[in-house]
Amino acid sequence: MLKYIARRVLQVIPVFIGVTLVLFLLQAVIPGDPVKMITGERAMSPALRLQIMKANNLDKPIPVQYVIYVNKLLHGDLGTSYQRGRAVRDMLGEKYPYTVKLAFAAIIIEIIVGIAAGIISAVKRYSFLDVLVTLSTSVLVSVPVFWLGMLLQVFFGILLKQWSGGQIYMPISGAGGLSTDFPDWVYLVLPAITLASVSTAYAARIMRSQLLEIMGADYIRTARAKGLTSQAVIWRHALKNALIPVVTFIGLDLGAMLSGAILTETVYNYPGIGLEIYLAIGRRDWPVVMGGVVLVVVVVMVINLIVDVSYAFLDPRIRYGGAAE
Amino acid sequence: MTMLLEVDDLRMYFHTRDGIVKAVDGVSFTLDRGQTLGVVGESGSGKSVTAMTIMQLIPMPPGKVESGRVLFKGADMLEMSEDQVRKLRGNRIAMIFQDPMTSLNPVYRIGQQIGESLRLHKGMDRKAAAARAVELLTLVGIPHSDERTKDYPHQFSGGMRQRAMIAMALACDPDILIADEPTTALDVTIQAQIIELMTELQKRTGSAIIMITHDLGVVADIADKVLVMYAGKPVEYGVKDDVYYRPLHPYTWGLLDSLPRHDVNEKTALCPIQGQPPSLINVPSGCAFHPRCPYATSKCRSEVPALRDIGGEHFAACHYAGDPGFERGVIECAGVGA
Amino acid sequence: MSDHDHIPHEARDRQETLDAIRETGQPFPPSEEFELHAGDSRTLWGDALRRMLKNKLAVAAVVWLLLMVMLAVSADLWVPQTFGSPTKIDTTTIVKQRLIPPSMGHPFGTDDLGRDIFARVIYGARISLAVGILATAISIVIGLIMGALSGYYGGLIDAGIMRLADVFFAFPYILFVVALIAVLGKGFINVFIAIGILGWASIARVFRSSILSVKENDYVDAARALGASDLRIMARHIMPNAVAPIIVYSTMSIGGAILTEAALSFLGMGVQPPTPAWGLMLNDAQNFMETAPWMMIWPGLAILTTVLAFVLLGDGLRDALDVKMKD
């Protein structure tokens with residue numbers, strides 16, 4: 001087990017190097033003069049220009065720049081924004097809590113709705129509910145997330161308000177904070193539903209197919225032959241096995257959500273890290289983009305690592321090493 | 001006193017889009033306390049489905065019991081409520097399955113899985129069930145059983161898992177143990193050990209056994225009675241010595257001829273039946289065995305032979321069974337390579 | 001144990017029955033004589049086609065996609081003539097023509113610049129279908145090469161390629177596409193190139209595992225012993241076994257590519273105005289959600305139904321070809 005964890009941790013290193021390298025190369029080949037991005041378009045003397053390049057290590061060869069960058073990264077220094085002049089770490093630190101809140105809200109929806117829908121649909125196979133779940137998951141995975149967000153905005157923010165004479169509606173933008181219209185958590189509801197939609201559909205599908213597959217397993221027949229009720233067979237014997245891959249999927253999905261939700265955050269103008277990185281790309285603020293992506297990639301890798309290890313923990317076949325034969 | 005188990009004209013059909021599959025078509029037998037019945041046949045002959053139907057483990061639909069009775073101590077199980085059947089399952093009638101590798105739940109400890117029936121049917125608490133699970137594992141010959149109950153199935157070898165399955169089945173001291181090809185998935189040396197274990201435990205507990213197998217050799221050692229099935233139908237049924245030494249049906253002859261024997265020289269030792277068992281959707285007309293039967297006549301192709309008593313509770317479903325001169329001869333082993 | 005969930009109903013019923021009545025042990029050698037049961041002589045592809053045709057959702061998806069393709073391809077012949085140009089803005093009539101709700105002359109209404117939304121949706125299909133197919137084609141080409149190198153040669157090459165795939169999987173997908181577009185520049189061509197480049201890793205994994213499962217077979221060894229070249233072994237022995245999962249995977253990834261293109265255009269990083277792309281139309285519609293909701297309804301429905309059609313078609317193919325894959 002320890003060996004497994006150690007091997008998994010070691011695998012992270014090349015991926016981390018690869019990710020930073022790819023990002024760094026992307027940044028290096030990007031069209032445009034970085035000095036101009038720092039200073040704007042105004043004219044400057046060659047001496048000043050050189051000074052700015054030196055200050056940002058832009059005068060050194062790219063491999064050297066890369067080593068300097070990684071070295072700084074490892075010391076927790078993500079650099080300074082070109083246009084804002086602020087430390088990238090501080091900028092991201094402000095936004096990240098919003099992304100974390102949104103991700104956890106979405107994951108809670110995914111766990112409750114996705115698993116429940118999958119179980120109902122598998123247990124009541126071929127029933128109306130099963131058909132409903134199966135069809136709606138197909139539709140949900142095909143809906144553009146941003147369009148779903150817009151539909152929810154129109155319904156809960158505009159139509160509901162009109163019908164109720166301005167009494168009942170949901171906030172469709174921002175994250176609360178200074179606004180006193182709603183408690184802060186209400187601002188999370190629609191973005192969380194939007195962000196959770198696709199993953200919830202997948203979670204339900206996996207739950208369903210796993211449960212159906214396991215219901216055909218030999219050990220389920222054994223359990224029935226023991227005289228257990230069908231409820232006991234499903235809840236005690238099938239579900240525990242079926243949940244392993246679902247939990248894995250949801251864990252990986254949490255990682256993906258923690259990496260920021262550009263589309264959801266853009267539609268709802270929600271101040272998370274996805275929106276921040278997206279805006280930075282638009283203004284070519286590469287230190288922010290790099291720092292943001294490195295941050296989320298590290299988060300994703302750590303979460304994936306935790307998921308892998310807990311998968312091993314959930315499944316005794318891995319937890320207790322190889323089979324006897 | 002009533003028979004322990006009496007199966008009478010049992011028919012289990014599967015209704016599929018491709019047609020009706022008559023998986024079990026008129027099976028009857030009786031089983032007394034402490035007896036062993038061997039059910040023999042090729043793949044798809046309906047022997048497993050017969051067992052699963054008795055246990056009512058067949059999903060319905062697509063399965064449907066078309067007719068028949070399954071009398072356990074005189075009470076028809078097919079008339080019972082699901083709850084009543086459930087209380088018999090794993091308690092009075094237990095079953096062990098073919099593949100011990102996949103028949104145990106991978107995420108529960110062996111001890112938990114054995115203890116489950118005890119808690120369910122005997123109302124034991126967790127502790128008592130765990131203690132009894134250790135005893136049961138010892139009983140089936142697993143050393144260090146107090147530690148091994150805490151193992152997960154993947155930590156057991158195939159033979160040990162089958163022993164654990166047997167322990168699980170015997171937990172509630174059942175009247176009947178149905179063993180569905182319990183040794184097929186195991187190594188030859190382990191097969192013998194498992195069979196030996198089962199007979200030994202039967203002597204101790206007095207349970208009756210229904211041994212399902214495609215191997216007449218397995219049955220030879222332990223059965224009191226033998227039921228031979230072909231394409232869902234019983235073709236021969238009687239006490240073991242009758243079926244082995246005075247077989248009446250050409251299919252049984254073929255099965256016996258395909259056994260490895262010590263008394264015949266190697267060239268003729270193995271003489272398998274030609275051809276394959278039929279698809280149960282397109283059962284041949286007349287006697288289902290006629291396309292593979294070297295003695296088939298036009299009557300065999302058109303008329304379904306009934307299972308009839310040839311004499312002394314020895315049944316066979318062949319038009320010519322018992323006719324003078326219709327005897328098991330040496331069939332030429334054509335087309336079988338060295 | 002076969003994965004029952006992936007088999008369509010009628011086949012599933014049969015499968016369940018066969019499972020239920022299956023008993024192992026084959027004491028007798030097989031013979032040709034009795035193998036001819038009703039209709040068993042079908043080939044894999046014939047069987048797959050038969051199963052596809054029984055899957056109503058998949059058939060509906062094919063019909064829908066064919067209709068889309070026909071409308072998109074023939075658009076020049078009838079759309080501008082009937083509904084007006086999908087791109088041109090007529091400044092003289094814009095005040096009268098803008099934001100007209102769906103009506104006889106404009107079945108889907110008009111947008112804020114007075115253009116017919118139906119015309120724009122039809123022309124938008126060209127972009128979406130083209131990006132979806134071209135991007136997937138790029139992913140397949142790169143994915144097949146990488147997967148082949150990885151699965152066939154193994155060792156260091158395999159480790160290197162699979163780590164590279166890990167790197168691609170570690171990136172948050174949309175962020176990565178957006179970043180790549182920032183490098184390549186906006187526009188139609190760069191969009192499908194970016195989506196295509198990022199899609200190779202999954203296909204490489206699928207192909208690699210197909211290769212690994214076939215490679216160990218004796219007939220591959222036999223072919224190698226007979227002196228067949230690597231390319232020949234790949235083409236004759238490995239590809240036929242890998243085709244089904246790749247077809248299924250590609251169909252599904254066309255849908256994914258269309259979604260990504262729409263997202264990029266929505267973010268303003270994709271196809272540029274005035275080209276009619278569905279995502280771009282939704283971006284425009286954001287400012288008129290209250291006053292002209294029809295602006296967002298039709299392009300959204302167009303994306304949804306097209307992607308859904310590819311998803312259902314992919315599901316249907318997966319069932320028909322009996323390909324097992326993770327959801």
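Predicted model: local features only at pLDDT ≥ 70, side-chain atom pairs only at ≥ 80, totals over all residues.
User: Is His144(B) buried or exposed, and why?
Analyst: His144(B) counts as exposed, because it has 11 C-beta neighbours inside 10 Å and the cut-off for exposed is 12 or fewer.

User: What about Glu313(B), and where is it placed?
Analyst: Glu313(B) belongs to the loop between S11 and S12 of chain B. Its phi is positive too, about 60°, although Glu313(B) is not a glycine. Glu313(B) has 12 C-beta neighbours inside 10 Å and therefore counts as exposed.

User: How are S11(B) and strand S12 of chain B joined?
Analyst: The two strands run antiparallel and are joined by 2 bridges, with S12 covering residues 315-316. In one pairing, Asp309(B) has Phe315(B) in S12(B) as its bridge partner.

User: Which sheet do they belong to, and in what order do the strands come?
Analyst: They are part of an open sheet of 8 strands in chain B, ordered S6-S7-S8-S3-S9-S10-S12-S11, with mixed pairing.

User: Which strands stand at the edges?
Analyst: The edges are strand S6 (93-96) and strand S11 (308-309) of chain B. Each has a single partner strand, so one side of each lacks a neighbour in the sheet.

User: Which helix packs on the sheet?
Analyst: Helix H6 (residues 158-170) of chain B does, and it touches S6 and strand S7 (176-180). The direction of H6 makes about 170° with that of S6(B).

User: Changing topic: how many helices and strands are in chain C?
Analyst: Chain C contains 13 helices and 0 strands. Of its 327 residues, 45% count as buried. Among contacts between residues at least 6 apart in sequence, 71% join residues at least 24 apart.

User: Which residues have the most contacts inside the largest nonpolar core?
Analyst: Val177(C) and Val178(C) do, in a core of 171 residues. The element that gives the most to this core is helix H8 (residues 186-215) of chain A, with 17 residues.

User: What is Val177(C) in contact with, beyond its neighbours within four places in sequence?
Analyst: Val177(C) contacts Ala194(C), Ile195(C), Leu198(C), Thr260(C) and Leu264(C). Another core, of 99 residues, lies apart from the largest one and includes Ile110(B), Ile166(B), Val243(B) and Ala316(B).

User: How many residues of chain C are in contact with chain A?
Analyst: On the chain C side there are 37 residues, in contact with 44 residues of chain A. The elements of chain C that give two or more residues to this side are helix H6 (155-170), helix H7 (173-184), helix H11 (230-267) and helix H13 (294-321). H13(C) provides the largest share, 8 residues.

User: What classes of residue make up that side of chain C?
Analyst: The side of chain C that touches chain A has 27 nonpolar, 4 polar and 6 charged residues.

User: Where is the cis peptide bond in chain C?
Analyst: A cis bond joins Pro273(C) and Pro274(C), with omega about 5°. Pro274(C) is in the loop between H11 and helix H12 (278-285) of chain C.

User: Lastly, which domains does the assignment give for chain A?
Analyst: The assignment gives domain 1 (34-77) and domain 2 (94-324). The centres of these two domains of chain A, taken over C-alpha atoms, are separated by 40 Å.

Definitions and conventions. Residues numbered from 1 in each chain as written. Chains lettered and ligands numbered in written order. Domains from an automatic or database assignment. Helix = DSSP H or I, 4+ residues; strand = E, 2+ residues; numbered from the N terminus. Buried ≥ 20, exposed ≤ 12 C-beta atoms within 10 Å, placed from the backbone. Contact = placed C-beta atoms within 7 Å. Core = buried A, V, L, I, M, F, W, Y, C linked by C-beta atoms within 7 Å. Pairing = 2+ DSSP bridges. Axes fitted to C-alpha atoms, helices over the stretch in contact; angles between N-to-C directions. Nonpolar A, V, L, I, M, F, W, Y, C, P; charged D, E, K, R; others polar.
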